[in-house]
Amino acid sequence: MRTWNEWASAWQAAQGWSQTPERPVSAGQAVAIAALQDWQLYYFLDNAWFNPLSSSAQGEAQLARVPEAIRLNLTLAEGQSLTGPVMLDWLSPTFTPTAGM
């Protein structure tokens, strides 16, 4: 992408695909990078990590707030050039670190 319009068009196409994932992606729009074996997503709120995919009432109440951090754990499948665990953390600009994180 070289222009703002190309960038905006790509985001619009991604948004449309996310709403209808059963629709095939046309050639050139998707790039397979690596096969996943497993993935996990966690939010950090009130000095604790929690899994937003759990159905606990506490988790539902916490999801109504913006998390202080988000952690994505990926496990890349064997048999490809990239394998094993990958962790990506996003921290809120207003995040204040605490002991034990």
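## Briefing: contacts and backbone features

The structure holds 3 aromatic pairs. Here, rings of Phe, Tyr and Trp (its six-membered ring) pair if their centres lie within 6.5 Å; planes under 30 degrees apart count as stacked, over 60 as edge-to-face and the rest as tilted. This is a predicted model: local features need pLDDT of at least 70, side-chain atom pairs count only at pLDDT 80 or more, and totals for chains, interfaces and linings use all residues. Residues are numbered from 1 along each chain as its sequence is written, and side-chain values use heavy atoms, leaving out hydrogens and water.

**Aromatic contact**

- One of the pairs joins Y43 and F50, whose ring centres are 5.9 Å apart.
- Their planes meet at 45 degrees, so the pair is tilted.
- Y43 is buried, at 19% relative accessibility. Buried means under 20% relative accessible area, exposed over 50%, and partly exposed in between (1.4 Å probe, protein chains only).
- F50 is also buried, at 12%.

**Salt bridge**

- Side chains of opposite charge can pair when their charged atoms come close.
- A search of the whole structure finds 1 salt bridge. The term means a side-chain nitrogen of Lys or Arg within 4 Å of a carboxyl oxygen of Asp or Glu.
- D89 and R71 form a salt bridge, with 2.7 Å between the closest N and O atoms.
- D89 sits in strand β4 (residues 84–91) and R71 in strand β3 (residues 69–76), so the pair ties together parts that are 18 residues apart in sequence. Strands (E, at least two residues) and helices (H or I, at least four) are DSSP runs, numbered from the N terminus.
- D89 is partly exposed, with a relative accessible area of 35%.
- R71 is buried, at 18% relative accessibility.

**The loop between β1 and β2**

- D46 lies in the loop between β1 (36–45) and β2 (48–50).
- The phi of D46 is positive, near 50 degrees, and D46 is not a glycine.
- N47 is found in the loop between β1 and β2. This residue is not a glycine either, yet its phi is positive, at about 65 degrees.
- Which accessibility class does D46 fall into? D46 is partly exposed, with a relative accessible area of 47%.
- N47 is partly exposed, with a relative accessible area of 47%.

**After β4**

- P93 belongs to the segment after β4.
- P93 is exposed, at 80% relative accessibility.
- How many residues separate P93 and E68 in sequence? They are 25 residues apart in sequence, and 8.5 Å apart in space, C-alpha to C-alpha.
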